[in-house]
Amino acid sequence: MLDQSILQQVKDIFHQLEADYTFRISYDPERPESTQLIEFLNDLTTCSSQLHNEFAEVKSGAVEFSVARNGVETGVVFRGIPNGHEFTSLLLAILNADGKGKNLPDEGVARRVRSLKGDIRLQTYVSLTCTNCPDVVQSLNIMALLNPDIRHEMVDGAIFQAEVDKLNVQAVPAVFANGKLVHVGRGSFGELLDKLEEHYGSSTEEDYPMMEKEFDVLVLGGGPAGASAAIYSARKGLRVGMVAERIGGQVKETVGIENLISVPYTTGSELADNLRTHLTRYPVELFENRQIEETVLKDKMKRVKVKGGEVFCAPAIIIATGAGWRRLNVPGEAEYVGRGVAFCPHCDGPFYAGKDVAVIGGGNSGVEAAIDLAGICKKVTVVEFMDTLKADQVLQDKLRSLPNVEVLTYTQTIQVVGNGEKVTALRLKDRASGEERELPLDGVFVQIGLSANSQAFQGELDMSRIGEIMIDEHCRTHLPGVYAAGDVSSVPYKQIVIAMGEGAKAALSAFDDRVRGVI
């Protein structure tokens with residue numbers, strides 16, 4: 001089932017395994033997928049003498065296996081055959097259990113995971129073609145490895161379709177905790193940990209000592225602007241710390257990138273990996289999966305407190321926290337996320353094959369999404385608030401050539417309508433006539449752009465009407481020693497190449513202020 005080239009690569013990866021790992025397989029012989037799973041794991045165990053199989057024949061429709069380390073369950077379970085994007089999730093689960101994984105969190109985050117309270121049973125329903133699913137699966141697998149009270153199952157929705165239908169899963173990844181839906185769609189380790197802390201609680205900060213770290217320059221955010229600022233600062237010989245939810249930031253959610261000059265084509269995931277690689281070439285201390293809770297920026301030594309009790313201090317702070325997907329903020333939207341309201345057409349589009357959907361937003365992202373969805377959906381309706389679409393003309397021409405696409409301009413979305421289980425319609429308002437009507441449909445894809453991630457700095461920094469941090473031409477804010485760069489700032493044109501330049505500019509301005517004694 002696994003070809004020889006892949007098996008050789010796995011052998012190279014696993015040649016230094018120290019512990020013994022057993023795949024405890026439960027299978028129903030009446031299911032054809034069971035034969036495939038056994039063949040898959042038999043192939044895999046040829047890659048290392050540390051890997052073993054145990055078989056248990058059952059009659060419950062099972063196609064699954066757990067991973068045990070030295071005879072002890074790790075809490076990691078795969079229901080289905082982890083092929084496609086999830087093959088990496090299986091390999092990393094073993095490497096992480098052996099302490100050799102490259103995506104293990106640092107001690108500050110690990111102690112938050114260990115502090116989670118309660119017996120937590122997690123299930124993540126995935127599609128093997130989903131590019132966002134592995135990040136969620138790998139994050140929750142790590143949590144299971146760190147906390148013995150957590151068990152996590154990856155579930156291939158295509159194999160367990162009856163469960164998907166019963167749970168009304170309409171988007172992946174869909175994470176259930178003890179039977180309750182807690183997360184849908186893309187998500188970083190930090191975001192998932194935040195949600196589990198919210199649902200189950202954790203030990204208080206008083207239960208462990210405060211961790212305080214001091215730097216010459218502190219960069220907040222790990223996207224193109226933050227990476228550029230950190231690298232430029234480190235090249236000046238300064239001690240640099242980077243505090244971020246994830247390296248790559250919003251870039252990781254971009255499928256194709258064709259306008260990064262000198263790089264004809266790359267993907268968001270590849271660019272994020274390259275940013276990380278470049279950062280590790282310099283003595284930049286990375287603190288990922290952090291959520292900012294409090295900031296004190298007016299003092300000479302600025303302080304940033306993150307969830308979990310850590311405090312980071314520096315006389316110079318460069319804010320590069322980027323932007324996030326903007327939501328409609330209309331009744332019904334939040335209620336039906338994952339049950340008809342989606343944000344990623346590439347991952348969730350297949351759930352709506354042969355169905356009627358709407359795309360909210362007429363910019364490049366919205367029109368590109370509509371073009372993609374038109375290939376699999378019965379009908380696609382594009383809803384644009386303004387009187388014309390904003391997408392590039394070549395995209396508009398392609399959109400209007402499609403027979404199953406309707407475009408509604410000068411139209412306001414005022415409600416997502418559902419029946420308690422899933423979306424059934426959109427309530428729309430014609431902005432010219434004021435007339436309201438309901439558009440029956442099965443799914444809504446929200447594509448209305450980004451909003452600045454500046455909430456943590458409200459009340460301390462001057463901001464624009466739409467929440468962008470106001471800066472001058474040198475990326476300086478009104479507070480000495482505080483700079484902002486990239487999509488979170490008031491700089492026009494939110495582009496990767498511009499963010500990189502702004503990050504470099506902010507770092508050079510901070511260094512200039514340091515030399516001149518301003519900070």
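Mentor: Start with N329. N329 is exposed, because its relative accessible area is 67% (exposed means over 50%, buried under 20%, and partly exposed in between, with a 1.4 Å probe and protein chains only). Bear in mind that this is a predicted model, where local features need pLDDT of at least 70, side-chain atom pairs count only at pLDDT 80 or more, and totals for chains, interfaces and linings use all residues. Residues are numbered from 1 along each chain as its sequence is written, and side-chain values use heavy atoms, with hydrogens and water left out.

Now the backbone. N329 has a phi near 55°, which is positive although the residue is not glycine. N329 sits in the loop between β17 (323–325) and β18.

Two strands pair if DSSP finds at least two bridges between them.

Strand β20 (residues 379–383) runs parallel to β21, and 4 bridges join them.

Next, look at two hairpins. Strand β22 (residues 411–418) pairs with strand β23 (residues 423–430) in the antiparallel sense, over 7 bridges. Their hairpin has 4 residues between the strands. In its turn, G420 has a positive phi of about 100°. V417 has A425 as its bridge partner in β23. A425 also has a bridge partner in β24, namely P440. Strand β24 (residues 436–440) runs antiparallel to β23, with 5 bridges. The hairpin of β23 and β24 has 5 residues between the strands, and G434 takes a positive phi near 80°.

N178 is another case, with a phi near 50°. N178 lies in the loop between β7 and β8 (180–184). N178 counts as partly exposed because its relative accessible area is 41%. The peptide bond joining V172 and P173 is cis, with omega about -10°.

One more loop residue is worth a visit. M301 is in the loop between β13 (292–296) and β14 (302–306). With 32% relative accessible area, M301 is partly exposed. M301 and D216 are 85 residues apart in sequence. In space they are 9.7 Å apart, C-alpha to C-alpha.

Finish with another exposed residue. E258 counts as exposed, because its relative accessibility is 63%. Its place is the loop between β11 (240–243) and α9 (268–279).
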